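Visitor: I would like to learn how to read a few features of a protein model. Please take them one at a time.

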Amino acid sequence: MKKCGWIDLQVNGFVEVDFSSPSLTEEKFVLAAEKLFVTGTEVFLPALITSPPEIYKRNAEIIFNAVRNRNWEKNVPGFHFEGPFISPVPGYVGAHPSEYVQESNIAFIEYFAPVLKILTVAPERPGVMELIPFAVEHGILVSLGHTAADSLLLRRAVDAGATLLTHLGNGITNTIDRHHNPIWDGMAEDRLIAMFIADGHHLPLEVIKCFKRCKSVEKLIVVSDAAPAAGLPPGKYIMGNEIAVLEENGLYHNPIRKCLAGSSATMQDCVDFLSESGMFSASEIEQMCRSNPAKVIGLG
């Protein structure tokens, strides 16, 4: 499928620019955004992963100023905070630095409420169940991810106002209970819209097929989860204080933690993967990659 103004609700960085880096500058963000727009992504939410509180404040201000100075408010309408209120447990924490995982902090979220579109949380973390309705009241979409919550707690989180799932099928340990786990529970909870990474590495097509049948296209949103290494050639790259490897086939992973480290894909890459799979029609792909995310964040 040709480029069609895709909407990406989770972009961690691009062309070696890390949106969560303490060395982020306005110029670096502008460079990454301009190169991302060329790929066919029209709207995106910069995702700040689990970091010290001062990084959230510093980098959000840098990005906000860049967006305002270039009149990009329609293209970058807000942020996705993936953390810091997630599970610190190995596997569930994924590639996030576990030392920066925090307990729920309502004042922290209140500070960012005017610019925060999506907040990813683990409902089992202290105070998160009280944070969810507060965030929703302030216009923030709450997404469940990087969580080991059982089915009962997941339902309680939805009752409290959570409406999304962050990259369903990922941000989870490699070994799980065969019946009771966040993947099955996420698919079975009809009230939740599932975001998923369609880069050809995070999920096998068989799993995506199950998502389609359980959720229907109406409740699926494709995200790239683009890492700072997206748009770069294969090689080894610094990811926080660790090394991540971008393979020739596009797989981006942390060889020490034995987990994926985000994606090297753009939304157009995800669109091409889904199109080539033959599993979705062009209109279904457009719905998952443009119409559904637009509706969720209030763009139409």
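Guide: Start with a charge and a ring: the charged end of Lys57 sits over the ring of Tyr111, 5.0 Å from its centre. The rule asks for NZ of Lys or CZ of Arg within 6 Å of the ring centre and within 35 degrees of the ring normal. The model is predicted, so local features need pLDDT of at least 70 and side-chain atom pairs pLDDT 80 or more, while totals for chains, interfaces and linings use all residues. Residues are numbered from 1 along each chain as its sequence is written, and side-chain values use heavy atoms, leaving out hydrogens and water.

Visitor: How is a pair of aromatic rings described?

Guide: By the distance of the centres and the angle of the planes. Rings of Phe, Tyr and Trp (its six-membered ring) pair if their centres lie within 6.5 Å; planes under 30 degrees apart are stacked, over 60 edge-to-face, and the rest tilted. That rule gives 14 aromatic pairs here. One of them is the tilted pair of Phe29 and Phe44, with 6.2 Å between centres and 40° between planes.

Visitor: Which parts does the pair of Phe29 and Phe44 tie together?

Guide: Phe29 lies in helix H1 (residues 26-38) and Phe44 in strand E4 (residues 41-49), so the pair ties together parts that are 15 residues apart in sequence. Helices (H or I, at least four residues) and strands (E, at least two) are DSSP runs, numbered from the N terminus.

Visitor: Is Phe29 buried or exposed?

Guide: Buried means under 20% relative accessible area, exposed over 50%, and partly exposed in between, with a 1.4 Å probe and protein chains only. Phe29 is buried at 0%, and Phe44 is buried at 0%. Another pair, Phe85 and Phe108, is edge-to-face, with 5.8 Å between centres and 80° between planes. Phe85 and Phe108 belong to a cluster linked by ring pairs, together with Tyr56, Phe79, Phe81, Tyr111 and Phe112.

Visitor: Which residues of helix H7 are buried?

Guide: In H7 (residues 205-215) they are Ile208, Phe211 and Lys215. These cover an arc of only 50° around the axis, which puts them on the same side of H7; the arc is that of the directions from the helix axis to the C-beta atoms. The face turned away from the buried side of H7 carries the exposed residues Glu206 and Arg213.

Visitor: What is the strand order in the open sheet of four strands?

Guide: The order is E11-E12-E13-E14, with antiparallel pairing. Two strands pair if DSSP finds at least two bridges between them. E11 and strand E12 (residues 242-246) pair over five bridges.
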